[in-house]
Amino acid sequence: MKSMLENIRREALDALGQAALPENVEALRVKYLGKKGELTAILKQMGKLSAEERPVMGQLANKVRGEIEQAIASAAAAAEERRLDLQLKQEALDVTVPGRSMTIGHKHPMYTVLDEIKDIFIGMGFRILDGPEIELAEYNFTKLNTDEGHPAREWSDTFYFTEDSSILLRTQTSPMQIRAMETYPLPLRVIAPGRVYRKDEVDATHSPMFHQIEGLVVDKGITMGDLKGTLNTVVEKLYGAGTKTRFRPHHFPFTEPSCEMDVQCHECGGVGCRVCKGEGWIEMLGAGMVHPKVLEGCGIDSSVYSGWAFGIGLERTALRRFNISDLRLIFENDVRFLTQF
Ligand code: DAH
């Protein structure tokens, strides 16, 4: 029995010395010390020994057991360390590899201009309104003094949803004038930016979808002088102090009188150049005094209240502002173009 114990000890310690992985160590623990293990099997035979031999063998067996336990503990620790080393090596990060650079986006040039314009009007006490792009013909035309039969209502120019031409994609932001007057109490000072739609082919100056900003002021005693003063202030803030404007008579169904406002060419200062096509002026927006019929249609007494309105094309304003020659660049979202602004 003594030699059996010695053999087990030698074998076990040898094997443990070579166990590389934690699972190898565990297998050896089961092999020697487990319930059906080799040492356990010998200890079970202790009963067969004589009374003199039993304590001697017992002591030896305990000593062998202790040694194997200790060897298992240190083999397990070493194996665990080796496993950890291996894992660390496999998962190692090379912190010297150059990083993948992230490109951070920025505001689209058109929204830069929109935000500038919004800021200017907010500074003058205007409220910003948002409204539906799918609109009633009633709001887009009729209530804007554009009755059925008016050429602007032709199917060839407008995207209609219904056979009876009652629902459409708004062709202008002007219906927001009606919605503002019907929704909010007077006095009113609002701008309403947003998308508008017309059946136009895409080219350097046209797109079936584009943006406008509508402006509306209604109060007692409002005159054309207020319109000119306000728009002049906006133009100077947008294009620099001293920038001149010019108001020309025009016609819109929903304003009377109506006008178009030109801005002195930023490129040549009014002398005439390629940018302004020799004119010295560039057309910027349509405006006018709100037609009394439009006010009355919204339940506003036109003998007490008056107002002015304007509509400005946002893309054209942005193109001019950044000296961009083709409208399509605004919508194509090519980052090589967009990152220039
Ligand atoms: N809605 C007009 C257009 O799309 C622009 C316009 C002109 C708006 C005069 C106005 C205005 O508010 O008073 O051509």
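Does Glu135 count as buried or exposed, and at what relative accessibility? In this predicted model, Glu135 has a relative accessibility of 1% and therefore counts as buried, the cut-off for that class being under 20%. The residue lies in strand E2, which spans residues 134-136. The side chain of Glu135 makes a polar contact with the side chain of Arg179, at 2.6 Å. When residues up to four places away in sequence are left out, Glu135 touches Arg179 together with Asn140, Ser166, Ile167, Leu168, Arg170 and Pro175.

At the level of the whole chain, the domain assignment gives domain 1, covering residues 2-90, and domain 2, covering residues 109-338. The centres of domain 1 and domain 2, taken over C-alpha atoms, are separated by 91 Å.

The count of salt bridges in the model comes to 17. One of them joins the side chains of Glu38 and Lys31, with an N to O distance of 3.9 Å; Glu38 is partly exposed, at 30% relative accessibility, and Lys31 is likewise classed as partly exposed, at 39%. A salt bridge is also formed between Lys107 and Asp115, whose closest N and O atoms are 3.0 Å apart. Lys107 counts as partly exposed because its relative accessibility is 46%, and Asp115 falls in the partly exposed class at 24%. In a further salt bridge, the side chains of Glu116 and Arg321 meet at 2.5 Å, N to O. Elsewhere, salt bridges that share partners join Glu6, Arg9, Lys63 and Glu67 into one network.

The largest nonpolar core holds 35 residues, of which Leu231, Met261, Met284, Leu285, Trp308 and Phe310 touch the most other members. At least two residues of this core are supplied by each of H5, strand E5 (209-220), helix H8 (224-239), strand E7 (255-264), strand E8 (281-290), strand E9 (305-313), H10 and helix H12 (335-338). The greatest contribution to this core comes from H5, which gives 6 residues. For Trp308, the contacts beyond four places in sequence include Phe126, Gly215, Leu216, Val217, Ile222, Leu227, Met289 and Val290. Apart from this core lies another, of 22 residues, among them Leu5, Val25, Ala71 and Ile72. In soluble globular proteins, nonpolar side chains tend to be buried together.

The ligand is surrounded by 15 residues, and the closest of these are Gln172, Ser174, Arg198, Gln212 and Glu214. A nitrogen atom of the ligand lies 2.7 Å from a polar side-chain atom of Gln172, and an N or O atom in the side chain of Ser174 is 2.9 Å from a nitrogen atom of the ligand. On the side chain of Gln177, an N or O atom is found 3.0 Å from an oxygen atom of the ligand.

Methods
Residues numbered from 1 in each chain as written. Predicted model: local features only at pLDDT ≥ 70, side-chain atom pairs only at ≥ 80, totals over all residues. Heavy atoms only, no water. Helix = DSSP H or I, 4+ residues; strand = E, 2+ residues; numbered from the N terminus. Buried < 20%, exposed > 50% of the residue type's maximum accessible area, 1.4 Å probe, protein only. Polar contact = N/O pair within 3.5 Å; in protein donor to acceptor, adjacent residues only side chain to side chain. Contact = heavy atoms within 4.5 Å. Domains from an automatic or database assignment. Salt bridge = Lys/Arg side-chain N within 4 Å of Asp/Glu carboxyl O. Core = buried A, V, L, I, M, F, W, Y, C linked by side-chain atoms within 4.5 Å. Near = heavy atom within 4 Å.
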